[in-house]
Amino acid sequence: FIIFKAESLMEERIDQPLPVNFNFWVPFGILSAIAVITPIVKPRVHHITKPLPILFLIQKASSRVDLSSSASVAILLGLVLGLVGDVLLLRDKDRNFFLMGLIAFLLGHVFYIYSFLQEQWVLPLWILVLLSSISLLHATIVFYFLSKSHRDLLVPIGAYTLVLTLMVISAANRDYQRLEAPLLAIGSVLFYISDSILCWNKFILRKEWPDFLILATYYPAQAFIIQGAL
């Protein structure tokens, strides 16, 4: 009976996919597509289009946030700091603006981590070790290249990478019986990928086209986190 009941619950879970909120994803997708494309086709208006998807997310998050829950408020604060980072990075060729943008995103990640860690710890040890090892390997490769030309940035980027890794790990620590739980993990991984592309492009590759990939992963990352957390 227990086995039969468990199988029934699994089948029920499979037959009930997470409903798609078209009122959220359609306008967000349009705003994101415009923001991703404008650096290529209309660079002069990118400073207007870039913040629009995050402003939309802030509006949606504000209507959902539970002010009595510190975890819920922390998600909104992290999103607002993401907007601040976006605006500052519009002038990323200026070293001071780039570092201030880095700090804004760093603080945003800290708020996300705080919110994610309100869950009971259920993450298996092997997943913790796997995620940490992947991040450590990536950081080692990045530091190798940075040490040749940007040694002064090793500490701030190292701190940022550590916090980003903690965010991914804390987001993966979910009860996956809840249908929205995977969204947090997906969003955090996309955030890691987006920031990694930004780092490689800014200090190692120095190409123009990766800007497209940075935004194409960053916007869904924020959206998945909001949908999963709120």
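Reader: Which helix gives the most to the nonpolar patch?

Author: H2, with 3 residues. Helices are DSSP runs of H or I, at least four residues, numbered from the N terminus. The model is predicted: local features need pLDDT of at least 70, side-chain atom pairs count only at pLDDT 80 or more, and totals for chains, interfaces and linings use all residues. Residues are numbered from 1 along each chain as its sequence is written, and side-chain values use heavy atoms, with hydrogens and water left out.

Reader: What makes the nonpolar surface patch?

Author: Ile37, Ile40, Val41, Phe212 and Leu213 make about 450 Å². Patch residues have over 30% relative accessible area and no salt bridge; nonpolar side chains (Val, Leu, Ile, Met, Phe, Trp, Tyr) are joined within 5 Å, like charges within 9 Å. Areas come from the Shrake-Rupley method with a 1.4 Å probe. A salt bridge puts a Lys or Arg side-chain nitrogen within 4 Å of an Asp or Glu carboxyl oxygen. H2 (22–41) and H10 (210–229) each supply at least two residues.

Reader: Why does isoleucine 37 count as partly exposed?

Author: Its relative accessibility is 41%. Buried means under 20%, exposed over 50%, partly exposed in between. So isoleucine 37 falls in the middle class.

Reader: Why is serine 194 called buried?

Author: Its relative accessible area is 1%, so it is buried. Serine 194 lies in helix H9 (residues 181–205). It touches Ile214, Thr217 and Tyr218, leaving aside residues up to four places away in sequence. Contact means heavy atoms within 4.5 Å.

Note on methods
Buried < 20%, exposed > 50% of the residue type's maximum accessible area, 1.4 Å probe, protein only.
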